[in-house]
Amino acid sequence: MAYSKQTWSDGTTPLSAARMNYMETGIEVATAPQDFPLAVLRQSATQPMAASGWNQIFLDTEDIDTHNGHTGTTGLVSARYTIPAGQSGIYRISACVNYNVAANQWVLARIIKNLTVMPNSWGSGGGQGANGGGAAFTEVIWALVAGDYVDLQGYCDQPTNTRPPGVDGGGCWMHVERIR
(Lines give C-alpha, C1' and ligand atoms only; values in the text may rest on other atoms or scores of the structure.)
Protein backbone atom coordinates (compact mmCIF):
# COMPACT_ATOMS: atom_id res chain seq x y z
CA MET A 1 0.00 0.00 0.00
CA ALA A 2 1.38 3.39 -0.96
CA TYR A 3 1.86 6.10 1.67
CA SER A 4 -0.16 9.24 1.25
CA LYS A 5 0.56 12.41 3.17
CA GLN A 6 -2.15 13.23 5.69
CA THR A 7 -3.77 16.64 5.65
CA TRP A 8 -6.38 18.11 7.95
CA SER A 9 -9.67 19.62 6.91
CA ASP A 10 -8.14 23.09 7.32
CA GLY A 11 -5.47 22.19 4.74
CA THR A 12 -2.51 22.14 7.17
CA THR A 13 -0.10 19.24 7.41
CA PRO A 14 0.08 17.17 10.61
CA LEU A 15 3.25 18.96 11.77
CA SER A 16 2.22 22.55 11.26
CA ALA A 17 3.13 25.02 14.02
CA ALA A 18 -0.53 25.36 14.97
CA ARG A 19 -0.92 21.58 15.29
CA MET A 20 2.28 21.20 17.32
CA ASN A 21 1.21 23.98 19.71
CA TYR A 22 -2.18 22.28 20.16
CA MET A 23 -0.55 18.89 20.85
CA GLU A 24 2.02 20.36 23.27
CA THR A 25 -0.71 22.14 25.21
CA GLY A 26 -2.62 18.86 25.53
CA ILE A 27 0.47 17.05 26.79
CA GLU A 28 1.19 19.79 29.34
CA VAL A 29 -2.36 19.57 30.70
CA ALA A 30 -2.30 15.76 30.84
CA THR A 31 1.03 15.63 32.68
CA ALA A 32 0.59 18.64 34.98
CA PRO A 33 0.89 17.82 38.70
CA GLN A 34 -2.43 17.52 40.48
CA ASP A 35 -3.26 19.92 43.29
CA PHE A 36 -4.30 17.15 45.68
CA PRO A 37 -4.29 17.45 49.48
CA LEU A 38 -1.46 15.90 51.47
CA ALA A 39 -1.14 15.99 55.25
CA VAL A 40 1.46 14.52 57.59
CA LEU A 41 0.26 14.88 61.19
CA ARG A 42 1.93 13.64 64.37
CA GLN A 43 1.88 13.79 68.12
CA SER A 44 4.58 15.93 69.74
CA ALA A 45 4.42 14.56 73.31
CA THR A 46 3.11 11.63 75.30
CA GLN A 47 -0.61 11.31 75.97
CA PRO A 48 -2.19 9.32 78.83
CA MET A 49 -4.44 6.49 77.67
CA ALA A 50 -7.28 4.77 79.49
CA ALA A 51 -7.25 0.97 79.62
CA SER A 52 -9.55 -1.24 77.59
CA GLY A 53 -11.21 1.52 75.63
CA TRP A 54 -10.73 3.47 72.45
CA ASN A 55 -8.84 6.72 72.94
CA GLN A 56 -8.72 9.65 70.55
CA ILE A 57 -5.09 10.26 69.51
CA PHE A 58 -4.17 13.93 69.60
CA LEU A 59 -2.10 14.95 66.57
CA ASP A 60 -0.95 18.43 67.45
CA THR A 61 1.85 18.88 64.91
CA GLU A 62 1.54 19.40 61.16
CA ASP A 63 4.66 18.53 59.24
CA ILE A 64 2.76 19.02 55.98
CA ASP A 65 -0.80 20.24 55.41
CA THR A 66 -1.12 21.53 51.85
CA HIS A 67 -4.85 22.36 52.03
CA ASN A 68 -5.37 23.25 55.72
CA GLY A 69 -7.48 20.18 56.47
CA HIS A 70 -6.07 19.68 59.99
CA THR A 71 -8.70 21.34 62.14
CA GLY A 72 -6.84 22.17 65.33
CA THR A 73 -3.87 21.70 67.61
CA THR A 74 -5.61 21.10 70.95
CA GLY A 75 -8.36 18.84 72.22
CA LEU A 76 -10.48 16.38 70.32
CA VAL A 77 -10.26 18.13 66.97
CA SER A 78 -6.46 17.91 66.96
CA ALA A 79 -6.82 14.32 65.83
CA ARG A 80 -9.04 15.26 62.93
CA TYR A 81 -8.42 15.87 59.24
CA THR A 82 -11.35 17.33 57.27
CA ILE A 83 -11.55 16.93 53.49
CA PRO A 84 -11.32 20.45 52.02
CA ALA A 85 -13.95 21.99 49.73
CA GLY A 86 -13.49 20.96 46.11
CA GLN A 87 -11.30 17.95 47.04
CA SER A 88 -13.69 14.99 46.96
CA GLY A 89 -11.89 11.88 45.72
CA ILE A 90 -10.07 8.71 46.65
CA TYR A 91 -7.80 9.00 49.70
CA ARG A 92 -5.10 6.80 51.21
CA ILE A 93 -4.90 7.24 54.98
CA SER A 94 -2.07 5.58 56.93
CA ALA A 95 -1.63 5.77 60.68
CA CYS A 96 0.37 4.39 63.58
CA VAL A 97 -0.35 4.29 67.30
CA ASN A 98 2.62 3.60 69.55
CA TYR A 99 2.18 2.84 73.30
CA ASN A 100 4.38 2.10 76.29
CA VAL A 101 3.20 -1.43 77.06
CA ALA A 102 4.52 -4.61 78.63
CA ALA A 103 4.82 -7.96 76.91
CA ASN A 104 1.58 -9.69 75.97
CA GLN A 105 -0.43 -6.47 75.92
CA TRP A 106 -2.59 -5.60 72.94
CA VAL A 107 -2.27 -2.40 70.97
CA LEU A 108 -4.84 -1.50 68.30
CA ALA A 109 -5.22 1.42 65.93
CA ARG A 110 -8.17 2.43 63.81
CA ILE A 111 -9.16 5.26 61.53
CA ILE A 112 -12.74 6.42 61.81
CA LYS A 113 -14.79 8.47 59.37
CA ASN A 114 -17.29 11.07 60.61
CA LEU A 115 -17.17 9.42 64.08
CA THR A 116 -18.23 6.09 62.54
CA VAL A 117 -16.15 2.92 62.71
CA MET A 118 -15.61 1.68 59.16
CA PRO A 119 -14.99 -1.93 58.06
CA ASN A 120 -11.35 -2.98 57.65
CA SER A 121 -9.97 0.14 59.36
CA TRP A 122 -8.16 -1.58 62.24
CA GLY A 123 -4.54 -2.59 62.73
CA SER A 124 -3.05 -4.49 65.66
CA GLY A 125 0.25 -5.04 67.44
CA GLY A 126 1.56 -6.27 70.75
CA GLY A 127 3.94 -5.41 73.55
CA GLN A 128 7.64 -6.09 73.10
CA GLY A 129 8.61 -6.84 76.72
CA ALA A 130 9.02 -5.09 80.05
CA ASN A 131 9.20 -1.32 79.61
CA GLY A 132 8.93 -1.84 75.90
CA GLY A 133 6.58 -0.45 73.36
CA GLY A 134 3.90 -1.74 71.14
CA ALA A 135 2.76 -0.27 67.88
CA ALA A 136 -0.19 -0.82 65.63
CA PHE A 137 -0.33 0.33 62.01
CA THR A 138 -3.36 0.65 59.78
CA GLU A 139 -4.05 1.92 56.28
CA VAL A 140 -7.28 2.47 54.36
CA ILE A 141 -8.28 3.68 50.92
CA TRP A 142 -11.65 5.40 50.97
CA ALA A 143 -13.78 7.58 48.74
CA LEU A 144 -14.29 10.80 50.70
CA VAL A 145 -16.24 13.95 49.93
CA ALA A 146 -15.65 17.53 51.02
CA GLY A 147 -16.60 17.92 54.68
CA ASP A 148 -15.93 14.27 55.61
CA TYR A 149 -13.41 13.97 58.44
CA VAL A 150 -11.15 11.22 59.68
CA ASP A 151 -9.78 10.64 63.18
CA LEU A 152 -7.14 8.32 64.63
CA GLN A 153 -7.95 6.23 67.68
CA GLY A 154 -5.88 3.81 69.74
CA TYR A 155 -6.69 0.98 72.15
CA CYS A 156 -4.58 -0.77 74.78
CA ASP A 157 -5.68 -3.33 77.36
CA GLN A 158 -3.81 -1.58 80.22
CA PRO A 159 -3.58 2.06 81.30
CA THR A 160 -0.53 3.56 79.68
CA ASN A 161 0.86 6.49 77.71
CA THR A 162 1.58 6.91 74.06
CA ARG A 163 5.29 6.65 73.30
CA PRO A 164 6.99 9.98 72.76
CA PRO A 165 8.25 10.84 69.29
CA GLY A 166 11.82 9.85 68.61
CA VAL A 167 11.94 6.99 71.14
CA ASP A 168 12.77 3.88 69.12
CA GLY A 169 10.84 5.35 66.22
CA GLY A 170 7.97 5.98 68.60
CA GLY A 171 5.18 8.40 68.28
CA CYS A 172 1.72 8.43 66.81
CA TRP A 173 1.08 9.79 63.33
CA MET A 174 -1.41 9.92 60.47
CA HIS A 175 -0.79 10.60 56.76
CA VAL A 176 -3.69 11.67 54.56
CA GLU A 177 -3.20 11.75 50.80
CA ARG A 178 -5.66 12.17 47.96
CA ILE A 179 -4.64 9.73 45.23
CA ARG A 180 -7.44 10.25 42.65
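In general terms, a disulfide is a covalent bond between the sulfur atoms of two cysteines. The structure is a predicted model, in which local features need pLDDT of at least 70 and side-chain atom pairs count only at pLDDT 80 or more, while totals for chains, interfaces and linings use all residues. Residues are numbered from 1 along each chain as its sequence is written, and side-chain values use heavy atoms, with hydrogens and water left out.

Cys 96 is buried, with a relative accessible area of 11%; here buried means under 20% relative accessible area, exposed over 50%, and partly exposed in between, using a 1.4 Å probe and protein chains only. Cys 172 is likewise classed as buried, at 1% relative accessibility.

Turning to charged side chains, how many salt bridges does the structure hold? There are three, where a salt bridge is a side-chain nitrogen of Lys or Arg within 4 Å of a carboxyl oxygen of Asp or Glu.

One of them joins Asp 63 to Arg 42, with 2.7 Å from N to O. Because Asp 63 sits in strand β4 (residues 61–65) and Arg 42 in strand β1 (residues 38–42), this pair ties together parts 21 residues apart in sequence. Strands (E, at least two residues) and helices (H or I, at least four) are DSSP runs, numbered from the N terminus. Both partners are partly exposed: Asp 63 at 41% relative accessibility and Arg 42 at 31%.

Asp 151 and Arg 80 form another salt bridge, at 3.2 Å from N to O. This pair links distant parts of the chain, 71 residues apart, with Asp 151 in strand β10 (residues 149–156) and Arg 80 in the loop between β4 and β5 (81–82).

Arg 92 belongs to strand β6 (residues 89–100) and Glu 177 to strand β12 (residues 173–178), so the pair connects parts that are 85 residues apart in sequence. Arg 92 is partly exposed, with a relative accessible area of 30%, and Glu 177 is partly exposed at 31%.
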